[in-house]
Amino acid sequence: MKMNRAIIEKWTDTVTPFYYYDLNILKQTVEAAKNEADKRGYVLHYATKANANPKLLKIIFAAGFGADCVSGNEILRSMECGVDPELITFAGVGKTDVEINTGLDNSIFTFNCESIPEMENIDRLAKAKGKTAHVSIRINPDVDAKTHEYISTGKKENKFGISAWDFDKVIEKLKALDSLKLISLHFHVGSQITDMSVFAEVCSRVNSFNQWFRERGFDLGHVNVGGGLGIDYQTPDENLIPDFASYFAVFEQNLKLYPGQKLHFEPGRSIVAQCGSLISRVLYVKEGKSKDFVIVDAGMSDLIRPALYHAHHHIENLSSNAPEKIYDVVGPICESSDCFDRDVPLAETKRGDFIALRSAGAYGEVMASQYNLRSIPDSMFSE
Ligand code: LLP
């Protein structure tokens, strides 16, 4: 148990569950990613969907990150928290007119287009404002991200992106849609990718698509390879800061950019996951047949990842030094899927103990719901 107990003890009287963010870890992560990117001239757009807490966003944008947004509200929140609109990319297969207008009014960097009908709509809305929208084509490269099927996005059967067999139509459309300007190719094949060979495969696909557009007279200034870098959920303290140097090196070694082309990334999880924990209190320890249940006051409404993706979050008892026992750690919600993990070794646990669910900074707070009319968890910070 390496998490700082003194910090948690500070919140003994705080209502649980709450998200706890160590802003020092966030700053170190942001700095590591930015330094490695700057060395290579890469541009980073933080994927706001991973965590849109204003305190975190302000730190990330103050360090010079752009934003990768997937809704009009994410665009507005990111701008409120200091992002330069010229560094905002706007992705998603179902952008509404209101959201597209938000992007146009703020002259964002690019709309990542996911279909021909969407291109037509953005052109129509841009024309109505007398503007030219800068767009990127999100290409579905048909690459297997080798991650959970729900967070795999780059296979031809997924709903994302435009596939190679539609490129001729895209080019025809681009000629006709004179309020659109194609400036970039965009890719994102999935999330929580830990096998670097997946990114090497992405690079080889990007190279051929980049060449294809080049040969047809497109002088594109940008290539965006999305996000996806995974983190260590098993042993977070051993890898608090992801290995950005090795990640970027894959692109440096495998991607062929044309002179003047800039490479963009959209990291989400790798920036914010390890700085956050969901802190919960033990309500009851209930005797089971072969092992006991630790019933905590956090549930799947606060952190849905284990229920939705069978995701593993390292669990620690912050209040006990007793020898370990094996428990199932469950929440209070009326569903069997409301289980954080089975067969968890925990220091012997009793009512009132603080339990930390680690690596919860990404896709935790943002995915919280009010299921069972529960409250959305509060957030606490340490510098
Ligand atoms: N760019 C695009 C176009 C994306 O769709 C995503 C994530 C990212 C960037 C950021 O990917 P990251 O660096 O965070 O892997 N709720 C799931 C993850 C969903 C990811 C969706 N797209 C989870 O809890 O694991």
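## Basis of the values

The model is predicted: local features need pLDDT of at least 70, side-chain atom pairs count only at pLDDT 80 or more, and totals for chains, interfaces and linings use all residues. Residues are numbered from 1 along each chain as its sequence is written, and side-chain values use heavy atoms, with hydrogens and water left out.

## The barrel

Helices (H or I, at least four residues) and strands (E, at least two) are DSSP runs, numbered from the N terminus. Two strands pair if DSSP finds at least two bridges between them. In this model 8 strands close into a barrel, in the order β2-β3-β4-β5-β6-β7-β8-β9, with parallel pairing. On average, neighbouring strands of this sheet are turned by 30 degrees against each other, direction ignored. Axes are lines fitted to C-alpha atoms, for helices over the stretch in contact, and angles run from 0 to 180 degrees between N-to-C directions.

Asn224 has His264 in β9 as its bridge partner. Helix α8 (residues 196-215) packs on the sheet and touches β7 (180-186) and β8; contact means heavy atoms within 4.5 Å. The direction of α8 makes about 155 degrees with that of β7.

## Aromatic pairs

Rings of Phe, Tyr and Trp (its six-membered ring) pair if their centres lie within 6.5 Å; planes under 30 degrees apart count as stacked, over 60 as edge-to-face and the rest as tilted. The structure holds 21 aromatic pairs. One of them is the tilted pair of Tyr42 and Phe265, at 5.2 Å centre to centre and with 40 degrees between the planes. This pair links distant parts of the chain, 223 residues apart: Tyr42 is in the loop between α2 (23-40) and β2 (43-47), and Phe265 is in strand β9.

## The cavity

On a 1 Å grid over the protein atoms alone, a cavity is a set of points where a 1.4 Å probe fits but cannot get out; lining residues have an atom within 4 Å of a point. Grid points are joined across faces, edges and corners, and a volume is the space filled by probe spheres set on the points. The count is 1 cavity of 30 Å³ or more.

The largest cavity holds about 30 Å³ of space. Its lining consists of Phe187, His188, Val189, Phe199, Val202, Val225 and Gly227. By class, 5 of these are nonpolar, 2 are polar and none is charged. Ala, Val, Leu, Ile, Met, Phe, Trp, Tyr, Cys and Pro count as nonpolar, Asp, Glu, Lys and Arg as charged, and the others, Gly among them, as polar.

Strand β13 (residues 324-330) pairs with β11 (residues 292-296) in the parallel sense over 4 bridges, and Ile295 has Val330 as its bridge partner in β13. Strand β14 (residues 339-347) runs antiparallel to β13, joined by 6 bridges. There, Lys325 has Leu346 in β14 as its bridge partner.

Arg281 lies in strand β10 (residues 276-286). Not counting residues up to four places away in sequence, Arg281 touches residues including Thr16, Ile295 and Asp353.

## Backbone details

The peptide bond from Thr16 to Pro17 is cis, with omega near -5 degrees. Pro17 lies in the loop between α1 (5-9) and β1 (18-22). Ser107, in the loop between α5 (97-105) and β5 (110-113), has phi near 45 degrees, a positive value in a residue other than glycine.

Methods:
1 Å grid on protein atoms, 1.4 Å probe; cavity = no way out; pocket = protein on both sides within 12 Å on 5 of 7 lines; lining within 4 Å.
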